[in-house]
Amino acid sequence: TTSDADYMMLVYADDDPATPTDDTGAVLTSSQWGLQAFDNNGNPLDADGGVVSVNQYGISTGATRPVQFNWEYSDPNSGNNWGSQQFLMDDNGTYKLLSDPVQLQPVTVNGKNLALQFDGWMHGLPDLFNQLSQNNWVMTSDISDKIINIPEGTLVTDNDGIQYYVKPLEISEFLSVVTSAAAGKEFPDITAASSVDLTSGLPTYVEHNMGSVPTKSNGDPLDVKYSEGNLMEE
């Protein structure tokens with residue numbers, strides 16, 4: 001109910017074994033990605049709450065597929081709002097719904113079966129960005145082995161039988177840390193880099209003469225609530 005202090009919050013159904021205290025019923029305060037909905041019998045559900053038939057790999061065998069969603073606590077100061085969404089509303093406050101994502105039939109790429117959907121981004125591929133983030137942005141063979149590049153020109157078909165060709169518009173390349181040269185190879189000579197001077201020749205700092213930053217009566221910094229006359233926060 002809307003009067004509940006935990007309204008629309010995600011709570012633990014049972015104890016989290018990773019923490020020393022009993023979390024049953026406690027509000028989850030960390031963001032989670034790639035969550036999937038199941039019924040009480042462990043069956044995956046679609047976006048409408050209906051049971052989805054899947055094979056042993058979790059790939060849908062019918063026209064619908066399991067729903068996945070992110071649970072994110074947006075912090076405007078952290079910049080980690082990758083799961084946030086924006087919606088269009090008309091003058092009457094009614095949501096303007098855009099086209100549903102294109103649901104693609106299972107396709108095999110490099111021996112791996114994929115269940116994909118496209119809404120401007122291709123969903124259904126391993127979330128390597130999140131794994132790199134958790135590994136302090138260091139690429140490892142365990143992470144790189146999960147990379148799936150869909151070749152340009154790959155033919156895919158949606159659930160209505162319409163066919164499309166895949167054309168990647170953005171490609172990221174991550175380099176692994178090399179600690180020793182490969183057999184018969186040598187590391188490049190970067191001795192000249194040690195002579196690079198990044199201190200002299202730089203412009204001299206000029207005081208902006210705007211004075212000190214305003215503070216509250218207790219000395220704490222002021223919270224910015226208005227920008228160009230617009231309220232930024234309650």
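In this predicted model, three strands come together as an open sheet in the order β5-β8-β9, with antiparallel pairing. The edges of this sheet are formed by β5 (102-103) and β9 (122-123), each of which pairs on one side only. Strand β8, covering residues 117-118, is joined to β9 in the antiparallel sense over 2 bridges. Across this pairing, Phe118 stands opposite Met122 in β9.

Turning to the aromatic side chains, the structure holds 1 aromatic pair. Its partners are Phe87 and Tyr95, arranged edge-to-face, with 6.1 Å from centre to centre and 80° between the planes. Both Phe87 and Tyr95 are exposed.

A charged residue also deserves a look. Asp23 sits in the segment before β1 (32-36). The residue is buried yet has no salt bridge; the nearest side chain of opposite charge belongs to Lys146, 24 Å away. Leaving aside neighbours within four places in sequence, the contacts of Asp23 are Tyr12, Asp14, Asp15 and Asp16. Three of these names are Asp, a residue that counts as negative.

As for confidence, the chain averages a pLDDT of 81, and 92% of the residues score at least 70. Confidence is highest in strand β11 (residues 163-165), at a mean of 95, and lowest in strand β12 (residues 226-227), at a mean of 70. Where pLDDT is low, the predicted coordinates should not be read in detail.

Notes: Residues are numbered from 1 along each chain as its sequence is written. Side-chain values use heavy atoms; hydrogens and water are left out. Rings of Phe, Tyr and Trp (its six-membered ring) pair if their centres lie within 6.5 Å; planes under 30 degrees apart count as stacked, over 60 as edge-to-face and the rest as tilted. Buried means under 20% relative accessible area, exposed over 50%, partly exposed in between (1.4 Å probe, protein chains only). pLDDT is the predictor's confidence in each residue, from 0 to 100. Helices (H or I, at least four residues) and strands (E, at least two) are DSSP runs, numbered from the N terminus. Two strands pair if DSSP finds at least two bridges between them. A salt bridge is a side-chain nitrogen of Lys or Arg within 4 Å of a carboxyl oxygen of Asp or Glu. Contact means heavy atoms within 4.5 Å.
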